[in-house]
Amino acid sequence: MAGAGSRLVKAGRPAGDGVSVNPPVHRASTFVFQTLAAFDRVAKTPFDAPFYGRVGTPTSFAFEEAMAELEGGHRAIAYPSGLAAITAVFLAFLKAGDHVLIVDSCYGPTRRTADRTLGRMGVSASYYDPALGAGIADLIRPETRLIFLESPGTGTFEVQDVPASAAVARARGIATAIDATWATPLFLRPLALGVDVSIHAATKYIAGHSDAMLGVATVNAERYDDLRRTTQDLGYVAGSEEVNLGLRGLRTLEARLMRHQSSALAVAGWLAARPEVGRVFYPALPGAPGHELWRRDFTGASGLFSIELPGMGAERLAAMVDGLTWFKIGFSWGGYESLALPAHPETRQHPAWTGTGPVLRLHVGLEDPADLIADLKAGLARAAG
């Protein structure tokens, strides 16, 4: 198999003579046909060729083809956001009376969707300790239909034993899905570990420039039809401009992530030695929680991690964060810019949060790591003063 960088450059690109390096951006709702016979023929497989804009354009097909190849999946489906992809997965595999197991360290909107939307549908959701691994078998009910993973988890970056949980689910005929946004397809291939659906908020590292909302789910052959039909029923469609930005981002994903990783290791290592910092939640850091599982299943790390600041109250935290120069305050991550935002693991129950101070999530961007370290050093000095 070709190297990751080579596959990122080639995947989803047109072949032949006289074609553009990048697939054209097709801004289209309607595709016309010369005969009813031709229309009827394409209508039988509307997701395989241009038929109607809501079920795909040549631009979205190129992005989906690239993602399926990179993830080693049967097919991929583009969505207008990562949360839209998660919601489609929930609705594809769950109905009234069903039960879903969701890791307790999941992305906040995942929990909100499960509690609010699935709850109204009559689907019950239980949240489990990310350290369970194969022990998740003890939580499965007769009505359990989906296990939802996220590794590393949001905020405190717990690494799950993905193959163990996936094996438990497969032995019982239960679908599995994972939010794998942190690692991207470059650093983790969940389908190879036994997961049915791999989900990415392509808004983040895949698009990579904080200028697009985009999601994608890559699925194996067994689960594809259920997910595709549900997506069609929901009317979800990713815009042509956004999938084009996703394709653009894929071409430079390796180069950007290697810089994010090296800079994050430098910044995280510096923070780990600071007396003001209690813990650094970054799986790639030796000695961090989940490091051994990360080494086993992942091939790299992105630029997102958190730190615990014991004893630091809200006023001191604001003094630290408000004056940062390079780290800006804002949602999302995965772009070229560094970001800082408080995380709130105290809302979790499995396990209950026992920290003694606020948790600050940092996204290390593409700036010079020495500048980022100096920025944080000055911020810690403001908090102390």
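## His200 and its surroundings

In this predicted model, the side chains of His200 and Glu71 are joined by a polar contact of 3.1 Å. His200 belongs to strand S6, which covers residues 197-200. Its relative accessibility is 1%, so His200 counts as buried.

Leaving out residues up to four places away in sequence, His200 touches a list of residues that includes Met67, Glu71, Gly82, Ala180 and Thr181. Also among the residues that His200 touches are Ile206, Leu214, Gly215 and Val216.

His209 is found in the loop between S6 and strand S7 (215-219).

The side chain of His209 makes a polar contact of 3.3 Å with the side chain of Arg248. Apart from neighbours within four places in sequence, His209 is in contact with Arg248, Arg256, Gly335 and Tyr336. His209 and His363 are separated by 154 residues in sequence, and their C-alpha atoms are 13 Å apart in space.

## Aromatic pairs

The model contains ten aromatic pairs. One of them consists of Tyr79 and Tyr236, whose ring centres are 5.8 Å apart and whose planes stand at 80°, so the pair is edge-to-face. This pair links distant parts of the chain, 157 residues apart. Tyr79 lies in strand S1 (residues 75-79), whereas Tyr236 lies in the loop between helix H8 (221-234) and helix H9 (240-251). Tyr79 is buried, with a relative accessible area of 0%, while Tyr236 counts as partly exposed at 22% relative accessibility.

The rings of Tyr282 and Phe305 have centres 5.2 Å apart and planes at 45°, so this pair is tilted. Tyr282 is in the loop between strand S8 (279-281) and helix H11 (291-297) and Phe305 is in strand S9 (residues 304-308), so the pair ties together parts that are 23 residues apart in sequence. Both Tyr282 and Phe305 are buried. Together with Trp182 and Phe298, Tyr282 and Phe305 form one aromatic cluster.

## Charged groups over rings

Which residue lies over the face of Tyr127? Arg111 takes this place, at 4.3 Å from the ring centre.

## Helix H5

Helix H5 spans residues 108-121 and has 14 residues. From its first C-alpha to its last, H5 reaches 19 Å, close to the 20 Å expected at 1.5 Å a residue. A kink of about 25° in H5 is centred on Ala114. Just after H5, Gly122 adopts a positive phi of about 85°.

The buried residues of H5 are Pro109, Thr110, Arg111, Thr113, Ala114 and Leu118.

## Thr87 in helix H4

Thr87 is part of helix H4, residues 82-93. The relative accessible area of Thr87 is 13%, so Thr87 is buried. Not counting residues up to four places away in sequence, Thr87 touches Thr113 and Tyr236.

Terms used:
Residues are numbered from 1 along each chain as its sequence is written. This is a predicted model: local features need pLDDT of at least 70, side-chain atom pairs count only at pLDDT 80 or more; totals for chains, interfaces and linings use all residues. Side-chain values use heavy atoms; hydrogens and water are left out. Helices (H or I, at least four residues) and strands (E, at least two) are DSSP runs, numbered from the N terminus. Buried means under 20% relative accessible area, exposed over 50%, partly exposed in between (1.4 Å probe, protein chains only). Contact means heavy atoms within 4.5 Å. A polar contact is a pair of N or O atoms within 3.5 Å; within protein, one must be able to donate a hydrogen and the other to accept it, and residues adjacent in sequence count only if both atoms are side-chain atoms. Rings of Phe, Tyr and Trp (its six-membered ring) pair if their centres lie within 6.5 Å; planes under 30 degrees apart count as stacked, over 60 as edge-to-face and the rest as tilted. A charge sits over a ring if NZ of Lys or CZ of Arg is within 6 Å of the ring centre and within 35 degrees of the ring normal. The expected span of a helix is 1.5 Å times one less than its number of residues. The bend at a residue is the angle between axes fitted to the seven residues ending there and the seven starting there.
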